[in-house]
Amino acid sequence: MEKAVLISIGDEILSGNTVDTNSNFIASELKNIGIKVSQIFTISDEIETIKNTLSDAFELGDLIITTGGLGPTRDDKTKKALAEFFNDEIALDETTFNHLKTYMEKRGRLEILERNKEQAFVPTQSVVFQNHFGTAPCMMMEQNGKISFSLPGVPYEVKPLIKDQIVPYLQEKYSLNYIHTRIVSVVGIPESILADTIEDWELALPENMALSYLPVGTRVKLRLTASGDHEEILKQETEVEIQKLLPLIKNNVIAISEDKIEQILAEILTERNLSISTAESCTGGELAKMITSVSGSSKYYLGGMVAYATEKKIKILNVSPETVNQFTVVSEQVAQEMAKGCQQLFETNISLSTTGVAGPGKGEDGKDVGTVFYTIRIDDREVTSKLYMPHLDRLDFMNFVSQKVIQDLVGLLINI
């Protein structure tokens with residue numbers, strides 16, 4: 001079992017109305033057990049299209065996983081396509097029907113069981129993996145030593161099916177290698193110069209290790225992935241290589257364990273018993289969202305606010321009207337006063353503020369789209385920075401700025 005092919009089925013994905021998060025999640029989970037995704041297809045919910053894509057997929061990979069296209073009605077095209085592709089027929093599976101009945105009973109929806117009964121009809125050759133979070137089961141079928149799994153498309157149904165059932169099944173059936181991954185987060189050095197700096201180290205890596213460069217905003221994540229038969233040995237070998245790497249880039253490393261910048265921040269704040277708050281305008285709460293996405297963030301995040309309107313910056317954060325009149329609301333001075341007011345309001349060690357123009361139109365003070373000032377205040381010390389990114393759309397702008405603010409905060413805390 002070396003290569004996998006993913007097939008995302010559904011017109012809603014092709015139209016752009018729905019984002020295919022399933023493929024990203026599945027590829028990541030498969031990577032962790034040593035299975036590489038060689039191709040991802042996104043196709044319409046049409047029988048011939050599904051059959052043709054399955055045919056291509058079985059040529060390209062050993063494992064095929066489809067998501068979407070499974071519905072409770074008789075015109076379920078994915079199930080029909082599977083039956084035709086595998087020269088099979090569809091019939092009622094009593095075990096699946098009983099599972100569906102129990103699922104409906106627990107949720108007080110037994111009256112609609114008959115309408116959903118079609119979900120219990122599956123290809124007779126399939127092995128069913130029951131769905132504990134929805135009504136459409138997962139069906140596994142084999143052909144010439146290769147296997148396919150057909151899953152529903154709802155992400156909160158896909159994730160437990162993959163993590164709790166399919167991945168353990170694949171690990172047991174194929175005795176897959178262990179995969180161990182380490183992330184080294186690097187800032188303050190362009191990716192091309194970073195690659196030159198560590199080239200000799202990278203070229204000397206053992207054959208069972210591979211390095212990936214993953215830019216995130218202005219940070220580069222160096223992901224070292226090792227595969228082998230013994231998990232503990234892999235961890236030891238990876239640590240040896242990490243220790244060889246660190247002296248080469250020691251002034252640019254901000255973390256050698258956690259992946260996401262908000263997780264790195266969480267470790268530092270928890271270790272030092274520091275509290276933090278946020279005052280946001282152009283980022284619209286994205287900073288608060290990132291910080292609180294980490295389990296245990298209530299220990300250090302005391303609160304925040306989105307002061308979008310200028311009068312709220314003045315009334316709640318104690319920004320001076322004179323400062324706004326003199327420098328405009330999108331300015332270094334307003335960002336500084338927002339951070340100070342936030343720190344006083346929530347009584348935290350650290351406060352973060354953002355004020356800018358996310359677009360698509362210019363700000364009320366005429367500032368260009370993509371302009372942002374942000375302040376990081378640590379006790380009585382403050383650092384204010386400016387960014388100008390007119391090329392980013394609104395959501396990308398908000399995410400990039402939030403990533404950059406937290407990254408800068410981590411860098412400051414490491415050097416204090």
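Me: Where does Thr-135 lie, and which residues does Thr-135 touch?

Reply: The model is a predicted one, and the description below should be read accordingly. Thr-135 sits in the loop that runs between strand E6 (127-129) and strand E7 (138-143). With a relative accessible area of 19%, Thr-135 counts as buried, because the cut-off for that class is under 20%.

The surroundings of Thr-135 can be listed by residue. Leaving aside residues up to four places away in sequence, Thr-135 touches Leu-100, Tyr-103, Met-104, Asn-116, Gln-119 and Glu-157. Gln-119 also takes part in a polar contact: its side chain and that of Thr-135 come to 3.1 Å.

Of the 416 residues, 50% are buried. Where contacts join residues at least 6 apart in sequence, 67% of them link residues at least 24 apart.

The accessible surface of the protein is about 20200 Å², and carbon and sulfur atoms account for 47% of that area. The protein carries 40 positive and 59 negative side chains, with the centres of the two sets 4 Å apart.

One further element deserves mention, namely helix H16 (residues 394-414). At 1.5 Å a residue, its 21 residues should span 30 Å, and the end C-alpha atoms are 31 Å apart, which agrees. Since 16 of the 21 residues of H16 are buried, this helix is largely enclosed by the rest of the structure.

Methods
Residues are numbered from 1 along each chain as its sequence is written. This is a predicted model: local features need pLDDT of at least 70, side-chain atom pairs count only at pLDDT 80 or more; totals for chains, interfaces and linings use all residues. Side-chain values use heavy atoms; hydrogens and water are left out. Helices (H or I, at least four residues) and strands (E, at least two) are DSSP runs, numbered from the N terminus. The expected span of a helix is 1.5 Å times one less than its number of residues. Buried means under 20% relative accessible area, exposed over 50%, partly exposed in between (1.4 Å probe, protein chains only). Contact means heavy atoms within 4.5 Å. Accessible areas come from the Shrake-Rupley method with a 1.4 Å probe; for residues, only the protein chains shown count as cover. Lys and Arg count as positive and Asp and Glu as negative; His and the chain ends are not counted. The place of a charge is taken as NZ of Lys, CZ of Arg, CG of Asp or CD of Glu. A polar contact is a pair of N or O atoms within 3.5 Å; within protein, one must be able to donate a hydrogen and the other to accept it, and residues adjacent in sequence count only if both atoms are side-chain atoms.
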